[in-house]
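Subject: Handing over a structure

Hello,

I am passing this structure on to you, and I hope you enjoy looking through it. Below it you will find my notes on what turned up.

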Amino acid sequence: KEQWPKGDEKVWRAGTRGLDTDVPSITKTFVNHVQTSLARQAYNLDNLGAYQAAALSVRDNLLVNWNETQMNYTRKAPKRAYYLSLEFLMGRTLDNAMLNLGLKDKYVEGVKKLGFSIEDILEQERDAALGNGGLGRLAACYLDSSASQELPVWGYGLRYKYGIFQQLISPEGNQLEAPDPWLDNQNPWELPRLDVSYEVRFYGSADRLNDGSGRSNWHGGQEVLAVAYDVMIPGYNTPTTNNLRLWESKPKRGFDLNSFNAGDYEHAVESSNSAAAITSVLYPNDHTSFGKELRLKQQYFWTAASLQDIIRRFKNLGKPITEFPDYAAIQLNDTHPTLAIPELMRVLIDDEDLDWGTAWQIVTNTFFYTNHTVLPEALEKWPVPLIEHVLPRHMQIIYDINLFFLQAVEKKFPDDRDRLSRMSLIEEGQPKQVRMAHLACIGSRKVNGVAELHSDLVQTTILKDFVEFEGVSKFGNVTNGITPRRWLDQCNPELSALISKTLKLDKNVWLKDLTKLEGLLPFAEDKKFRTEWAAIKQRNKERLAHHVQTTLGLTVRTDAMYDVQIKRLHEYKRQTLNILGVIHRYLTLKAMTTAERAKTNRRVVFFAGKAAPAYYIAKLTIRLIVNVARVINADPDTKDFLQLYFLPDYSVSLAEVLIPASDISQHISTAGTEASGTSNMKFCLNGGLLLGTVDGANIEIAEEVGESNVFFFGHLTPAVEDLRHQHLYHPVPIEEKCPALANVLNEVSKGLFGDGGVYEPLLNTVRHGDYYLLTDDFDSYIAALAMVDEAYLDTEEWIKKSIRTTAKMGKFSSDRAILEYAESYWNIEAIPVAAAK
Ligand code: B1H
């Protein structure tokens, strides 16, 4: 029997709080927080204060579970997995936390008794937007699923002071970026752990020890402190509450004492600023690698702090260091944390005194690497001189890894110098650069892509040589998933309730085994069910229209098909194809008689998404969309049949309103460019149909729901390379190749949407080179849109498609994905925890 550690156990027990599970204890905690934590009272509590009190009360409950969970992990000492991601796009927390705790109804009732409405309270919360897009939101879904499946998984990331920028649209239609100071009104969801901190070194010099050990002495330079902030991650319908640990940088001492004594006060303060700068801002460029020193420092700061924390936890078990991979699996979310590989080598060799071979054995059994893109501009490369300057010891280690690696390649493929230079960790050039994907690949136990097609492309293109060298069994696929808690139950509560009622299942059951949705299939034939299904979609459109009305002051009609494309702006995602298609539709409508128009399908088109601040063509696309909207929405001939909106500042919480309202959503990347996509899954789960190319996870969605329930168009992946070749060497004038598109481009050029000439650089990307194949896919795109219209006019058949789509989305739960990682990659098991009393 364990000894009670301190004082009188009974006194401790009497002071320990359990969960609030009834309305009176919830309102009591709420009021206590109003009084003490917020220092306010009933008569001066506004909605923001009520949000804070509700959040603090929910947080108290989360902490009860969090403590039990962490204590349980410490006691049972299982193998754990760590998800290292530079981005966690969490969105809002309050609603999700109440739902996962199973206490939402009680909170609704409680705050009502206190004179507030839960909707008003929920609207007060700012999104935690520590991510760019799909990669960061995937990390957030995986944390939800890990906790829900009771898996011992922790996330590690950075606590950016500023998240992704806030997007504003200027009167001309240009994107402007404003900072996102999301921590300004306190963050109740984090727990500062000022006692958990580590030192991280930069710069200085690394001297090889001449004792034949291969060790170096890295000294001097800048030392920065990493301080932990913990974010509670509640599982759904389980007490398991996992941890997301985010690091904040701060100066090691308030000031550099040497400079201070020498009277150089300014320099002392400056160096403290440079330490704080490391975690000041999330880089907003997805799919481009810029080679900025501060970004490299972020990556090292985060991986070094996380590894120290993981190693310390392992050492508490008292096991020999060679058993490290039996207790820790570390997932690298893209190449951003790849420095963890040389960093673990450094720790094992320089600090733990292991020989190279033993250290490499440990490293290559610990790490797992997920690739998220094959686009060349997104593959990270760091200039050798920069790494040499910032991390001199790591550059030595990378060279050593490369040496041993290339020796092994040479042994297997003698006299193949091309192969050696293709596979080298170092790319020749001015300057030389380190190829992070190669390093991540050879330093990992396994490598995976994020959808079937993408994983094939990883193995046959960017890592082909590595498959030949290491064998195909090291490479795999884990198709992405989304959490059905946030992306159905939370964002579409009416649909969730209808599903539970129809399946005669508590939502606790089907939200954790999403394949149960198949039980909806027979109800597609049930007229009454179809009517209820369609009525919910209609109310979700009204909710969206209301949102646009109150936030932008625009009146959106709700008696129309809602057609949505929401994602980061990027040429490969082809928002340009969509807007040119809208213009084509507008011109077609204009040319019709009133009687002809009256027979057409009413359509409201929504766009939302941010462009990287330096991505000129993407920003020009936004400007075009905004200005086309201005003209179309004001045209009395067409405005009853076609409306267009660009909703500024796309975010997780905006997605939660848009997705349930969609009839059709567009996922129209050039074949082979979108690794997976995850919003496609969210739309389909909510009964929106998919219009897309044969790309990424679209393919697997079609496999599940059946090709008759999706609208596919465009050239296939194997054709893309040849088409690009033809564009370059056998160009055909656009007027010949695609007259409909040529006409649209001409109208834009002639100034139909104002701004004579400003769009030329954008239009020229289509006229010349056309790297993303708009001229090849435009006609089939327009044909697909026409098929969508025709299908939508057959209302009953459309609703059937919608029901069948939702019913077949079970595969895309992130629970399925995380269990694949747990079983086939990390080798970890569920560690259930008893509920607190
Ligand atoms: C994805 C990124 C990405 N792939 C670099 N790559 C970044 C690359 O800041 N950076 O440097 C940020 C993000 N993001 C996306 O990952 C894919 O495009 C999607 O298709 C995929 O669904 C998602 C999750 O796997």
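E427 has Q433 in strand 16 as its bridge partner. The model is a predicted one, in which local features need pLDDT of at least 70, side-chain atom pairs count only at pLDDT 80 or more, and totals for chains, interfaces and linings use all residues. Numbering starts from 1 along each chain as its sequence is written.

Strand 15 and strand 16 (residues 433-435) run antiparallel and are joined by 2 bridges. (Strands are DSSP runs of E with at least two residues, helices are runs of H or I with at least four residues, and both are numbered from the N terminus; two strands pair if DSSP finds at least two bridges between them.) They belong to an open sheet of 3 strands in the order 14-16-15, with antiparallel pairing. Strand 14 (381-383) and strand 15 (426-427) are at the edges with a single partner strand each, so one side of each has no neighbour in the sheet.

Elsewhere, strand 7 (residues 190-202) is joined to strand 10 (residues 222-234) by 10 bridges, and the two run antiparallel. There, E190 stands opposite V231 in strand 10. Strand 10 also pairs with strand 11 (residues 241-251), again in the antiparallel sense, over 11 bridges. P234 has T241 in strand 11 as its bridge partner.

Now to the overall layout. The protein is divided into domain 1 (77-92 + 127-162 + 177-182 + 190-382) and domain 2 (535-812), with bounds that come from an automatic or database domain assignment. Their C-alpha centres lie 38 Å apart. Across the boundary, 19 residues of domain 1 are in contact with 13 residues of domain 2 (contact: C-beta atoms, placed from the backbone, within 7 Å). On the domain 1 side, helix 7 gives the most, with 3 residues. That side divides into 5 nonpolar, 9 polar and 5 charged residues (Ala, Val, Leu, Ile, Met, Phe, Trp, Tyr, Cys and Pro count as nonpolar, Asp, Glu, Lys and Arg as charged, and the others, Gly among them, as polar).

Where does the ligand lie? Domain 1 and domain 2 both give residues to the shell around the ligand, so it lies between them. The ligand is surrounded by 20 residues, the closest being G134, L135, D286, H372 and S676 (a residue is near if its C-beta atom, placed from the backbone, lies within 6 Å). Helix 7 (residues 134-148) gives the most to this shell, with 3 residues.

The largest nonpolar core has 224 residues, and A54, F301, F606 and V628 have the most contacts inside it. (Such a core is a set of buried Ala, Val, Leu, Ile, Met, Phe, Trp, Tyr and Cys residues joined through C-beta atoms within 7 Å; buried means 20 or more other C-beta atoms within 10 Å of a residue's own, exposed 12 or fewer, and partly exposed in between, with C-beta atoms placed from the backbone.) Helix 26 (residues 616-634) gives the most to this core, with 9 residues. Leaving out residues up to four places away in sequence, V628 touches I579, V582, I583, L644 and F753.

T621 lies in helix 26 and is buried, with 27 other C-beta atoms within 10 Å. T621 and N174 are 447 residues apart in sequence, yet 9.3 Å apart in space, C-alpha to C-alpha.

Best wishes

Definitions and conventions
Contact = placed C-beta atoms within 7 Å.
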